[in-house]
Every structure is written in C-alpha cells, then in structure tokens.
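The following paragraphs lead a new reader through one protein structure.

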Amino acid sequence: MKLNLFGVEVEVVQGDIAFQPDVDAVVNAANAYLRPGGGVAGAIHRAAGTGLEEECRPLAPIKPGEAVITGGHNLPNKYVIHCLGPIYGIDEPADELLALCYRNALKLAEENEIVSIAFPAISTGVFGYPLEKAARVALKTVKETVPGLKKVKLIRFVLFDKKAFEVHKKVLQDLI
Ligand code: AR6
C-alpha cells in the first residue's frame, strides 16, 4: 500500500529490512551498544558484514530516541540509520521516545540528502511495544514530519510478517 503525503510517498510493504536494494538508507532497530543482536539488528549486521560493527563502536552507546548514521558496508544501501527504541514498560514516556526515533532518523536523512528510506517497526520485537500502538505512533509521526521534508521522497515501512503488515496498512488508512 502506498500513498502520497505532501509530495512524499509513504509505503507499507511486507519483507526483510536487510533486503531493500532500491532505497538509499535502511533503519536499524538497534541496541544501545550498536552491536549485532537478534531481529532487525541481527539481519542488518549479518548482511552488512563486520565493517558495520567496527564503524558503530565509537558511536555507542546511544540513548532511547537517539539515532546515528553509518555507511551500509555490504548492504545494498548507502547508509544505515541506527535508532534505539524504548523498551516497553521501562523507558518512559514510551510514545514520545518512539516518536523521537522516527523524527531523529528523518532529520539525519535530510542532513545526508537521503531520498529514500526504509524503516522496520522499531521496538515491536524484543522491546515488547504493542504492535498497533507502535504503528500509530510511527505513522502519526511520519505524517506530522513529511510537510517539512525537502530531500526525502520515499518512506517505506517494511514489516516482517503478515500480521504486522496488515496492522500498519490499517493504521495508515485510518490516518488519512
Ligand atoms: N526485517 C524486517 N522486520 C524484522 C526483521 C527483518 N529482517 N526481523 C525482525 N523484524 P526487533 P526491537 C521485526 O526485535 O523490538 C535486537 O536484538 C520484528 O518482527 O528487531 O526494537 C537488538 O539488538 C518486530 O516487529 O527490534 C535490540 O537489543 C520488529 O522488526 C533489540 O532487539 C522489531 O523487532 C531491539 O528490539
């Protein structure tokens, strides 16, 4: 599903964040130490190779809501933007910290003249954020941010499973 908001394509697809060869940047649902882990971080670091971990080391640790940018190494993307989402029930206020991830990632994208960017559903795996709540925060934040974007023309949400994909599609439809 795809729609145009203020000249920016906002798209929701089912797929693997580590295999998005047609976008400039992919976003990592990182851990504070920017190390490989499970889920998205594991997939991104596996595909990028150990050079990514080395580039990440001096940038860590990061705080919930923060984002940092690196090269894509062996990924098909020029950049990786690493965001630390809130651990649900621990890092508060969760909705504000999650929104901050998306805002900070898009800010870095603008600063680096990134035209296309793909996000996973940050915090909805190991960090336990309820899927629909997280989708509402993510898509609302993107909707609020797009009018100010000058460089970014495509924002893609890449959902791993069908359920997450359906939830994000519904939330995007509700927002318009
Ligand atoms: N592509 C797209 N989405 C994925 C993929 C993939 N390859 N793999 C999982 N997902 P998570 P978090 C979905 O746990 O909750 C890591 O170990 C997954 O189904 O990757 O922010 C880090 O090292 C879920 O909906 O990120 C951190 O310690 C969503 O992506 C911690 O987990 C996010 O799941 C971060 O936890």
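Pro93 lies in the loop between strand β5 (79-83) and helix α3. The structure shown is a predicted model. In this model, a cis peptide bond joins Glu92 to Pro93, with omega at about -5°. A cis peptide bond also joins Ala60 and Pro61, where omega is about 0°. Pro61 belongs to the loop that runs between α2 (50-56) and β4 (67-71).

Loops also hold two residues whose backbone deserves attention. Phe6 sits in the loop between β1 (2-5) and β2 (8-14). Although Phe6 is not a glycine, its phi is positive, at about 50°. With a relative accessibility of 64%, Phe6 counts as exposed, because the cut-off for that class is over 50%. His73 is found in the loop between β4 and β5. His73 is likewise no glycine and has a positive phi of about 50°. The relative accessible area of His73 is 36%, so this residue is partly exposed.

Attention now turns to the helices, beginning with a histidine. His45 is part of helix α1, which covers residues 39-48. The relative accessible area of His45 is 5%, and the residue is therefore buried. What surrounds His45, once residues up to four places away in sequence are set aside? The residues that His45 touches are Asn28, Leu34, Arg35, Pro36, Leu52, Glu53 and Cys56.

Helix α3 spans residues 94-111, and helix α4 spans residues 131-145. Two packed helices are described by the angle between their axes and the distance between the axes. For α3 and α4, the axes come within 9 Å and cross at roughly 40°. That angle is why α3 is called oblique to α4. The crossing in which α3 passes α4 is right-handed. On the α3 side, the contact is made by Asp95, Leu98, Ala99, Tyr102, Arg103 and Leu106. The α4 side contributes Ala134, Val137, Ala138, Thr141, Val142 and Thr145. Sorted by class, the residues of this contact are 8 nonpolar, 2 polar and 2 charged.

Another residue of helix α3 is Ala105. Ala105 is buried, its relative accessible area being 0%. Apart from neighbours within four places in sequence, the contacts of Ala105 are Ala67, Ile81, Cys83, Ile117 and Phe119. Ala105 and His82 are 23 residues apart along the chain, and their C-alpha atoms are separated by 7.9 Å.

The cysteines remain to be considered. How many disulfides does a search of the whole structure find? The search finds 0. The sulfur of Cys56 has its closest cysteine sulfur in Cys83, at 12 Å, and this distance is too far for a bond. Cys101 is in no disulfide either, although the nearest cysteine sulfur, again that of Cys83, is 4.9 Å away. Cys56 is buried, with a relative accessible area of 1%. Cys101 is buried too, with a value of 0%.

Note on methods: Residues are numbered from 1 along each chain as its sequence is written. This is a predicted model: local features need pLDDT of at least 70, side-chain atom pairs count only at pLDDT 80 or more; totals for chains, interfaces and linings use all residues. Side-chain values use heavy atoms; hydrogens and water are left out. A disulfide is a pair of cysteine sulfur atoms within 2.5 Å. Buried means under 20% relative accessible area, exposed over 50%, partly exposed in between (1.4 Å probe, protein chains only). Axes are lines fitted to C-alpha atoms, for helices over the stretch in contact, and angles run from 0 to 180 degrees between N-to-C directions. Helices (H or I, at least four residues) and strands (E, at least two) are DSSP runs, numbered from the N terminus. Angles under 35 degrees count as roughly parallel, over 145 as roughly antiparallel, 65 to 115 as roughly perpendicular and the rest as oblique. A crossing is left-handed if the near helix is turned anticlockwise from the far one by less than a right angle, and right-handed if clockwise. Contact means heavy atoms within 4.5 Å. Ala, Val, Leu, Ile, Met, Phe, Trp, Tyr, Cys and Pro count as nonpolar, Asp, Glu, Lys and Arg as charged, and the others, Gly among them, as polar.
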